[in-house]
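Dear colleague,

Please find the structure below for your records.

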Amino acid sequence: MDKSGRAENEGEMNSEEQAQGEKRVLRLLVEPLKRRGLAKPSSLTVADFEEMVRDMCARLAYMSDGSLMALEEQVAASPGGKDRDRFPISNQILQWAGEIQPPGDSASPLIRAVFSHACGQTAIAEGWAPELLFDLRKNRRWPSAWALGTIRDGAASTLRRYRDLEGRLAQEGELGPVDRDWWDRRNAALQRCREIGEGAGA
């Protein structure tokens, strides 16, 4: 772990790192907001609020100290309730968190789930998984059939270039520096997507 409390490889957090991350969220986000006087949302029971906090801490455990402190300022500046003295609902806080420090690919249940699903496996097999990953990072929602078709179509020129280079490499055994750099970066991106899919159940 580095000083920010983030796993050095930003990969899947183990149970100890997750627990430590949840404690950081309590210490740097939830408790300071309570000290500022923010109370539970009026629409929630005490038990519901406690469950909201537990779930939020689990989801935000990946965040660095600095990002959590920035999020605390953001939440404090935009409190909920008609008297502006309440915690905003978790969904709003999570949205702000994603803007301040988006979760890494392997820290995102959504991204892991998509790449373990048939649609993600198809994207990996057909070679347009990096474009799907880019869309997931940007939109943070499950891609519809229409979105998947659009992503696949948008990757067409990249796939043609990949196939062309693959054929040239098979025939000539080498590529020029520019093409080799592109080839290596593309393969690294494809491998990253495979790793996300393989680690989805971790």
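The domain bounds used here come from an automatic or database domain assignment. For the protein chain, that assignment gives domain 1 (15-100) and domain 2 (109-198). The C-alpha centres of domain 1 and domain 2 lie 35 Å apart.

Please note that this is a predicted model, in which local features need pLDDT of at least 70, side-chain atom pairs count only at pLDDT 80 or more, and totals for chains, interfaces and linings use all residues. Residues are numbered from 1 along each chain as its sequence is written, and side-chain values use heavy atoms, with hydrogens and water left out.

Confidence. pLDDT is the predictor's confidence in each residue, from 0 to 100. Its mean over the protein chain is 87, and 90% of the residues reach 70 or more. Over residues 1-11, however, pLDDT stays under 50. For that stretch the model has 18 contacts (heavy atoms within 4.5 Å) beyond four places in sequence.

Ile93 is located in helix α4 (residues 90-100); helices here are DSSP runs of H or I with at least four residues, numbered from the N terminus. Ile93 is buried, at a relative accessible area of 0%. The term buried means under 20% relative accessible area, exposed means over 50%, and partly exposed lies in between (1.4 Å probe, protein chains only). Leaving aside residues up to four places away in sequence, Ile93 touches Leu29, Met56, Leu60, Leu71, Val75, Phe87 and Pro88. Of the residues it touches, Leu60 is 33 residues from Ile93 in sequence and 9.8 Å from it in space, C-alpha to C-alpha.

Helix α7. The buried residues of helix α7 (residues 129-139) are Ala129, Pro130, Glu131, Leu132, Leu133, Asp135 and Leu136. These residues pack against α5 (109-116), α6 (118-126), α8 (145-154), α9 (156-172) and α10 (177-198). After α7 comes Arg140, which has a positive phi, near 50 degrees.

Salt bridges. A salt bridge is taken as a side-chain nitrogen of Lys or Arg within 4 Å of a carboxyl oxygen of Asp or Glu. The count by this rule is 11 salt bridges. One of them joins Arg24 to Asp65, with the closest N and O atoms 3.1 Å apart. Because Arg24 lies in helix α1 (residues 15-35) and Asp65 in helix α3 (residues 65-77), the pair ties together parts that are 41 residues apart in sequence. Arg24 is buried, with a relative accessible area of 7%, and Asp65 is buried as well, at 19%.

A further salt bridge pairs Asp179 with Arg161, the closest N and O atoms being 3.2 Å apart. Asp179 lies in helix α10 and Arg161 in helix α9, so this pair ties together parts that are 18 residues apart in sequence. Asp179 counts as buried at 17% relative accessibility, whereas Arg161 counts as partly exposed at 31%. The side chain of Asp179 also meets that of Arg168 in a salt bridge (2.7 Å, N to O). Arg168 is in helix α9 and is 11 residues from Asp179; at 32% relative accessibility, Arg168 counts as partly exposed.

Cysteines. A search of the whole structure finds zero disulfides (pairs of cysteine sulfur atoms within 2.5 Å). For Cys119, the nearest cysteine sulfur is that of Cys193, 12 Å away. Cys119 is buried, with a relative accessible area of 11%, and Cys57 counts as buried at 4% relative accessibility.

With kind regards

Conventions:
Helices (H or I, at least four residues) and strands (E, at least two) are DSSP runs, numbered from the N terminus.
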